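The structure is shown below.

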Amino acid sequence: MTKKRTSVSRKQIEQDLKNYTSIDAQIQKIKTKRDEVLQKYEVKLSLLKSEQEVTLLKLQSYADTHREELFEKKKTIETPYAMMGFRAGRERIANKDGYDDNMVLAKVKKFAPDYLQIEETVSKSKLLADRKKPEIAKLYNKIGVCLKQEEIFFIKPKKS
């Protein structure tokens, strides 16, 4: 990637840095206010969510217990406050009772190999971790990889 050179004066750069730090200070001030508001309501929100979860479980238990009478005609009932009911979730594949993942895998290998999923990927994290080993450094060239480290531009405003 070729970097485009601009003809900007040192004075303009100083002004832009001043502007950048001013914007950063405003952002930090807003974030601090936001965090204070969140902190103020965090406990109350947590309590309300807990109470809501308990109520949901109570309502679900009631609906399960009285399923035949409540949902005789429809899977949903309506009250002045809300609708509640049961709806079908997404279909998924699950192991039958008595079958663990290894048992299912063995049977799929035997009876339905087209449904096996085999994924091979290069373990770049392992290659990176072993980069200081001499034999790995030689291997890089052979397998067509190299170490790269990008420079990251930054600005760190001074605290005023």
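## Salt bridges

A salt bridge is counted here when a side-chain nitrogen of Lys or Arg lies within 4 Å of a carboxyl oxygen of Asp or Glu. R34 and D35 form such a pair, their closest N and O atoms being 3.3 Å apart. R34 is partly exposed, with a relative accessible area of 45%, and D35 is likewise partly exposed at 40%. The model is predicted, and a search of the whole structure finds 5 salt bridges.

## Helix α1

Helix α1 spans residues 10-65, 56 residues in total, and reaches 76 Å from its first C-alpha to its last, close to the 82 Å expected. The helix contains a kink of about 45°, centred on E42.

An α-helix has 3.6 residues a turn, so residues three or four places apart point the same way. R10 counts as exposed at 64% relative accessibility, whereas E14 is partly exposed at 40%.

## The K126, D130 and K133 network

K126, D130 and K133 are linked in a network of salt bridges. In the contact between D130 and K126, the closest N and O atoms are 3.4 Å apart. D130 has a relative accessible area of 16% and is therefore buried, the cut-off being under 20%. K126, by contrast, is exposed, with a relative accessible area of 53%.

Key:
Residues numbered from 1 in each chain as written. Predicted model: local features only at pLDDT ≥ 70, side-chain atom pairs only at ≥ 80, totals over all residues. Heavy atoms only, no water. Helix = DSSP H or I, 4+ residues; strand = E, 2+ residues; numbered from the N terminus. Expected span 1.5 Å × (residues − 1). Bend = angle between axes of the 7 residues up to and from the residue. Buried < 20%, exposed > 50% of the residue type's maximum accessible area, 1.4 Å probe, protein only.
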